[in-house]
Amino acid sequence: MYVWSKNIVLGLLAAFAILIVIFLLEGPGAATSHLKSHTTFWITLNYAGLVIWLFVWMIDQANVRGKNVWLWLVPFLLAPLPTLMAYILFLQRKTS
C-alpha cells in the first residue's frame with residue numbers, strides 16, 4: 001500500500017484528466033461503431049466487475065485502518081480511477 005508515491009498518483013490523475021478531455025473533445029463522430037453488441041456487453045460487464053472488486057478492496061482497507069469508506073461511494077461511482085487514487089493518498093496521510 002505504501003509503495004505509491006504522491007508524484008506517481010498526481011501524474012496518473014493528470015494523465016487521466018487529459019485523456020478524459022481528449023475523449024470529450026473528440027466526441028461521437030458521424031461513423032458508426034464497428035463493435036458488436038455482445039463485445040460491448042462483455043466489456044461493460046468486466047468493467048462493472050472490476051469496479052465492484054475495487055470497492056470491496058477499499059472497504060477492506062478502510063476496515064484495517066479504522067476509516068469510513070462509505071463517504072467515498074458516490075465519487076467512486078462517478079469516477080472510479082481518480083477516486084481510487086485520491087483514496088490511496090487519503091489512507092497514506094500521517095495520523096496525528
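1. What share of the contacts in the protein with a separation of 6 or more comes from residues 24 or more positions apart? Such residues account for 62% of them, a contact being heavy atoms within 4.5 Å.

2. This is a predicted model, in which local features need pLDDT of at least 70 and side-chain atom pairs count only at pLDDT 80 or more, while totals for chains, interfaces and linings use all residues. Residues are numbered from 1 along each chain as its sequence is written, and side-chain values use heavy atoms, with hydrogens and water left out.

3. The protein has four helices and zero strands, where helices (H or I, at least four residues) and strands (E, at least two) are DSSP runs numbered from the N terminus. Of its 96 residues, 21% count as buried, that is, under 20% relative accessible area, with exposed meaning over 50% and partly exposed in between (1.4 Å probe, protein chains only).

4. Helix H2 (residues 37–65) has 29 residues and reaches 42 Å from its first C-alpha to its last, close to the expected 42 Å, which is 1.5 Å times one less than its number of residues. Buried in H2 are Val51, Leu54, Phe55, Met58, Gln61 and Ala62, and their cover includes helix H3 (73–78) and helix H4 (80–92). Just after H2, Gly66 takes a positive phi of about 70°.

5. Leu19, which is found in helix H1 (residues 6–26), counts as exposed because its relative accessibility is 57%.
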